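My notes follow in the order I made them.

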Amino acid sequence: MRRCSKLVEMGRRQFLSGSAVAAATAAGASIMPAEAKAANGQARVNYPSNRLANVEDLSENEPLNVAYPDDQAPGVLLKLGQSVPGGVGPDEDIVGFCTLCPHQGYPVSYNTEARTFNCPGHYSVFDPEQAGSQVWGQATQNLPQYILRVDEDGEIYAEGVDELIYGRLSNVL
Ligand code: FES
């Protein structure tokens with residue numbers, strides 16, 4: 001009988017602690033999404049709108065070196081000659097990418113024959129015609145692609161990046 005009452009008491013305590021956890025989880029659930037939204041919102045609004053070049057500066061299949069969102073993040077603009085995802089300009093064929101490999105940060109280079117970005121570190125390959133998708137390799141994300149805008153004078157602005165740049169906790173400056 002005494003043993004039984006202990007079991008009942010233990011069960012009651014577990015029920016109460018479980019209720020406390022459930023209550024804390026419920027309270028947290030109402031707070032956490034708001035914090036996550038704030039963090040995401042801040043990451044978006046803090047991207048600078050930087051002029052990178054003019055459409056007339058670009059020749060088809062010849063990468064133009066740039067940097068975005070700051071000088072420590074090298075990248076290129078590329079005119080591919082056909083409409084592609086994320087492409088801007090009159091032919092929707094101008095794209096831009098950060099050239100730090102998302103695997104371990106080696107600088108990728110553009111191969112004009114294969115029309116791919118290739119990493120010398122561990123040989124990952126990224127396709128600029130498919131929004132920087134990794135087509136082979138070690139990385140766990142695609143090559144970060146710039147969000148571009150072209151104004152009426154043909155000036156090309158970068159206004160965001162769609163993936164995390166290697167080595168950063170966020171893309172906020
Ligand atoms: S650093 Fe590019 S594949 Fe490893």
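**Surface patch**

I began at the surface. Tyr-123, Val-135 and Trp-136 make up a nonpolar patch there, and their accessible area together is about 380 Å². I placed Val-135 next: this residue belongs to strand 8, residues 133-136. I keep in mind that the model is predicted.

**The chain overall**

I then stepped back to the whole chain. I found one helix and ten strands in the protein chain. Along the sequence the pattern reads α-β-β-β-β-β-β-β-β-β-β.

I looked up the accessible surface of the protein chain, and the value is about 10,200 Å². Carbon and sulfur atoms hold 53% of that surface. Of the 173 residues, 36% count as buried.

Residues 24 or more positions apart account for 43% of them.

**Aromatic rings**

How many aromatic pairs does a search of the whole structure find? I got three. I noted Tyr-68 and Tyr-146 as an edge-to-face pair, 5.5 Å centre to centre with 70 degrees between the planes. Edge-to-face applies here because the cut-off is over 60 degrees between the planes.

I traced where these two residues sit. Tyr-68 is in the loop between strand 2 (64-67) and strand 3 (74-79), while Tyr-146 is in strand 9 (residues 146-150). The pair links distant parts of the chain, 78 residues apart. Are Tyr-68 and Tyr-146 buried or exposed? Both are buried.

I wrote down a cluster as well: ring pairs link Phe-97, Tyr-110 and Phe-117.

The charged end of Arg-149 sits over the ring of Tyr-157, and I read 4.5 Å from the ring centre.

**Cys-101**

My last stop was a cysteine. Where is Cys-101 found? I located Cys-101 in the loop between strand 4 (94-98) and strand 5 (109-111).

Why does Cys-101 count as buried? Its relative accessible area is 1%, and buried means under 20%, so Cys-101 qualifies.

I listed its contacts, leaving aside neighbours within four places in sequence. Cys-101 is in contact with Tyr-106, Val-108, Cys-119, Phe-126 and Tyr-166. I followed up on Tyr-166. Cys-101 and Tyr-166 are 65 residues apart in sequence, yet 6.8 Å apart in space, C-alpha to C-alpha.

Note on methods:
Residues are numbered from 1 along each chain as its sequence is written. This is a predicted model: local features need pLDDT of at least 70, side-chain atom pairs count only at pLDDT 80 or more; totals for chains, interfaces and linings use all residues. Side-chain values use heavy atoms; hydrogens and water are left out. Rings of Phe, Tyr and Trp (its six-membered ring) pair if their centres lie within 6.5 Å; planes under 30 degrees apart count as stacked, over 60 as edge-to-face and the rest as tilted. Helices (H or I, at least four residues) and strands (E, at least two) are DSSP runs, numbered from the N terminus. Buried means under 20% relative accessible area, exposed over 50%, partly exposed in between (1.4 Å probe, protein chains only). A charge sits over a ring if NZ of Lys or CZ of Arg is within 6 Å of the ring centre and within 35 degrees of the ring normal. Contact means heavy atoms within 4.5 Å. Patches are made of residues with over 30% relative accessible area and no salt bridge: like charges are joined within 9 Å, nonpolar side chains (Val, Leu, Ile, Met, Phe, Trp, Tyr) within 5 Å. Accessible areas come from the Shrake-Rupley method with a 1.4 Å probe; for residues, only the protein chains shown count as cover. A salt bridge is a side-chain nitrogen of Lys or Arg within 4 Å of a carboxyl oxygen of Asp or Glu.
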